[in-house]
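Trainee: Could you take me through one part of this model in detail, the place where the two chains meet?

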2 protein chains.
Amino acid sequence: VDDSVAPVGPGVAGPAEIVADVVIVGSGCAGTAAAIEAGRAGLETVILERAGGSGGASAMSGGSLYLGGGTALQTACGVEDTPEEMFRFVMAVTSPGADEAKIDVYCRQSVEHFDWVVGCGVPFKASLYTGTFPEPLTDDGLMFTGGENAWPYAEQIRAAPRGHVPEAHDKRPLGHTSGVILMRHLIATAEGLSGRWMLDTQARRLVRESDGRVTGVVARSEGSEIHVRARRGVVLAGGGFVFNDDMLRHHAPRLLGKPKLGTDGDDGRCIRMAQAAGAGVRHMEAAEAAYGLPELYLGGILVNSVGQRFINEDTYFGRIGQAVMFSQDGRAYAIIDDAVNESLSDIGRFYPAGWVGADADELGQAMGLPDGVLRATVEYYNRHAAEGRDPLFHKGRRWLRPLEAPLGAIELADGAFMAFTLGGLHTDVHARVLDVGGEPIPGLYAAGRTTSGVPGWGYCSGMSLGDGTFFGRQAGRHLAKAGAGSSLNP
Amino acid sequence: VDDSVAPVGPGVAGPAEIVADVVIVGSGCAGTAAAIEAGRAGLETVILERAGGSGGASAMSGGSLYLGGGTALQTACGVEDTPEEMFRFVMAVTSPGADEAKIDVYCRQSVEHFDWVVGCGVPFKASLYTGTFPEPLTDDGLMFTGGENAWPYAEQIRAAPRGHVPEAHDKRPLGHTSGVILMRHLIATAEGLSGRWMLDTQARRLVRESDGRVTGVVARSEGSEIHVRARRGVVLAGGGFVFNDDMLRHHAPRLLGKPKLGTDGDDGRCIRMAQAAGAGVRHMEAAEAAYGLPELYLGGILVNSVGQRFINEDTYFGRIGQAVMFSQDGRAYAIIDDAVNESLSDIGRFYPAGWVGADADELGQAMGLPDGVLRATVEYYNRHAAEGRDPLFHKGRRWLRPLEAPLGAIELADGAFMAFTLGGLHTDVHARVLDVGGEPIPGLYAAGRTTSGVPGWGYCSGMSLGDGTFFGRQAGRHLAKAGAGSSLNP
């Protein structure tokens with residue numbers, strides 16, 4: 001079959017047109033980090049990128065890396081953090097089903113990893129962002145990106161901001177330029193190591209020896225099929241599968257039809273190529289679902305399709321998005337009053353109230369909610385907000401203020417929503433791809449959203465660039481240690 | 001590795017100790033149905049069963065088959081149904097991500113399939129069960145098992161009971177004896193066709209030719225490894241994976257530590273054996289989660305961990321269980337009054353109220369709920385129940401009655417909860433196992449909870465025995481059509 005992802009033997013692949021020590025599929029943050037570490041160890045690398053330019057979804061992203069444990073940037077901002085507290089928090093937000101071994105090494109080596117990123121030339125300004133946007137519109141370098149400072153985590157674990165955002169000077173609203181800054185420096189570092197880059201080159205199938213070892217890929221490059229042979233191993237770093245509707249239908253059907261964050265290269269081909277060679281997967285239903293502009297609901301309340309509150313509005317906006325998508329049938333509304341409305345930025349004003357009412361009853365009727373529920377919800381919220389309390393969901397005191405009629409409602413619909421997949425290949429701490437029996441597939445590595453990484457089922461902004469670069473490096477380092485010709489998996 | 005599930009070549013497997021046309025793994029409803037159809041077509045079959053007795057989880061189950069479209073039993077009970085309405089309902093409860101092609105053939109051939117079951121000697125009494133237990137304690141043959149007669153489906157699709165329950169005369173409470181009746185007759189039918197049964201024989205790995213065709217299994221039988229060769233094909237019907245904590249951690253972590261429904265053979269080995277040969281999977285996170293005894297909450301209300309209602313209490317108890325497990329953090333409480341308490345059967349009385357209160361406020365305080373929420377919930381419910389309405393979740397009028405103080409609360413915890421997995425191998429309408437590219441793997445079939453079948457993500461009681469027997473038959477029939485030696489996948 002022409003579009004098959006099944007592995008082929010070296011005989012079928014034919015003589016190799018290109019040979020390198022390490023063949024990397026994808027030039028986003030994970031593939032580029034692997035190329036840097038392999039290149040620094042003196043290995044020849046070749047990066048295959050299906051698009052016409054490098055950087056992948058990483059370059060389109062907000063640019064933040066979820067790091068901590070006391071990084072240089074945290075320290076410069078006066079933030080206290082330890083690897084142990086970071087570990088406790090990441091385990092809490094990614095359980096059940098957390099990948100404890102991977103999270104452990106990620107948290108323990110996070111300080112060093114930040115230094116490595118800085119060593120690649122990525123700039124960070126030592127200032128803490130205190131606004132309410134999901135991504136700073138300023139050049140601030142550090143921010144909360146996971147709800148550490150909100151209920152329930154703030155009560156259990158000392159809160160520390162861990163979103164490390166590269167400094168960008170030309171930010172426009174929603175311009176995402178920190179991702180470009182990050183990738184520009186990582187790619188420049190990799191290029192300085194004289195690895196080979198092949199654009200417009202799509203990996204199609206793995207090449208596998210009869211003993212199961214992966215030794216290369218068959219790729220389509222400018223119209224013809226080529227065999228790219230890897231002396232040491234292949235690193236799959238081609239992104240997730242949010243742009244593959246068949247895979248969504250099989251694994252994450254609630255994402256069908258939702259706005260997607262990524263590139264059309266996020267079609268899961270790397271995942272399927274490895275599965276066809278017996279690789280295991282984890283948490284294929286998991287998704288980040290960034291919901292709305294927090295300024296729309298931080299000062300008001302969020303209600304579900306029957307008018308009940310369901311979450312503390314000051315938690316991480318991705319946690320709100322997951323709750324809406326997976327637990328509330330995909331629908332939620334922000335209820336606001338004039339004071340909230342007047343506080344909105346230009347961006348918030350893009351989302352005018354869909355319904356207005358002289359009071360909560362009138363608003364609820366206009367929205368088609370069940371009789372009287374919205375009034376009960378607002379009265380309960382207001383009564384306790386006046387006392388500085390939120391007994392239902394423990395929204396932080398700074399956001400508690402009784403709403404005053406008239407009221408308006410904004411549906412947090414697709415315009416303020418972006419999703420991408422978190423499920424993928426099962427890998428170990430060295431970024432080796434594991435088969436369904438849990439054993440490494442010789443010669444095969446993966447990192448980034450091609451894998452189920454640090455996030456598991458949960459998420460904090462910056463975890464994809466964070467674990468993508470981290471486990472991309474792990475792959476490069478493990479390949480450097482594995483002697484050519486000897487077992488890659490000692 | 002000793003426990004590897006990786007396929008082996010025929011050379012490694014060695015000379016075959018046993019040869020048959022069809023090798024079937026598992027003797028539950030799916031494997032037995034495959035044996036019957038293959039046997040009736042004149043094929044030699046061998047069933048490998050890892051346990052010391054046959055029947056698997058099917059024999060432990062409630063015995064109901066989810067069938068419809070106008071079966072003989074429905075007609076005898078005066079129930080009107082059509083394949084089209086059954087299709088609309090099954091699509092509705094299993095979307096998004098429904099397997100439309102499989103559901104289509106299942107609904108269109110459901111009337112014939114019921115006749116086939118009856119033809120195997122399985123008895124059904126032509127009477128409709130009208131009680132509130134999840135499984136009839138009577139010998140009634142037909143019952144609602146999917147919430148067809150409750151909101152939202154009852155308003156959209158003509159409701160028909162589709163749970164077809166084999167007649168059993170010695171039912172004790174929760175004795176599940178209809179499953180035994182079903183399997184006794186299916187197994188007797190298969191045995192009458194002189195297929196071979198090997199108990200205490202666990203399939204360990206698939207045998208795969210160099211061209212990818214599956215031609216047998218390596219099994220462990222009474223302590224030694226044997227090669228069981230299949231002239232035509234292998235049918236995997238070894239159940240789901242709810243008894244494999246590693247797989248739960250990777251795919252369905254919310255089931256960890258929950259009471260499980262099945263046998264310890266439900267360790268996902270069949271799924272992993274096929275994945276190791278490149279098979280695709282679907283909806284691995286999906287689970288049936290039968291929650292509680294409906295009599296505990298039908299007459300009262302269900303509330304979540306903050307005291308809000310979240311569902312119509314008269315819907316299918318499995319839908320309630322899924323809502324609790326996946327959307328409400330695993331916690332829910334039935335709020336009842338003296339009238340409900342006095343109506344409980346002996347079984348209901350096993351679950352005495354965990355908390356009591358002179359009124360809703362006192363009860364809520366005793367339960368540790370946020371101030372005043374339970375009072376607001378009960379007042380809202382009572383006010384509308386007195387008018388015969390449930391504007392929030394549309395519970396049916398017959399169950400609506402204002403609750404009268406004093407009140408009690410029962411946590412719907414593990415004692416009244418059972419889960420099993422619904423995710424598994426991707427198969428087509430002929431029960432052929434598909435690889436990750438969507439192409440059939442030659443010689444490999446699967447049915448029952450080893451596959452993602454009719455349920456997809458949703459569920460109705462009886463869908464596992466229903467699609468297990470149906471697609472087990474499809475496998476047997478497709479194998480019968482495939483000529484020996486010719487391509488099995490024309």
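Mentor: Copies are superposed by least squares on the C-alpha atoms of residues with pLDDT of at least 70 in both. Done that way, a rotation of 180° with 0.0 Å of shift along its axis puts chain A on chain B, at an RMSD of 0.0 Å. That is how a two-fold axis relates copies. In chain A, S327(A) has the C-alpha nearest the axis, 2.2 Å away. Both copies use the same surface, as 100% of chain A's contact residues recur in chain B.

Keep in mind that this is a predicted model, where local features need pLDDT of at least 70 and side-chain atom pairs pLDDT 80 or more, while totals for chains, interfaces and linings use all residues. Residues are numbered from 1 along each chain as its sequence is written, chains are lettered from A in the order written, and side-chain values use heavy atoms, without hydrogens and water.

Now the interface: 40 residues of chain A are in contact (heavy atoms within 4.5 Å) with 40 of chain B. The buried area, meaning accessible area (1.4 Å probe) lost on putting the two parts together, summed over both, is about 3200 Å², with 57% from carbon and sulfur atoms.

The rule finds two salt bridges across it, each a side-chain nitrogen of Lys or Arg within 4 Å of a carboxyl oxygen of Asp or Glu. One of them joins R389(A) to D371(B), at 3.1 Å from N to O.
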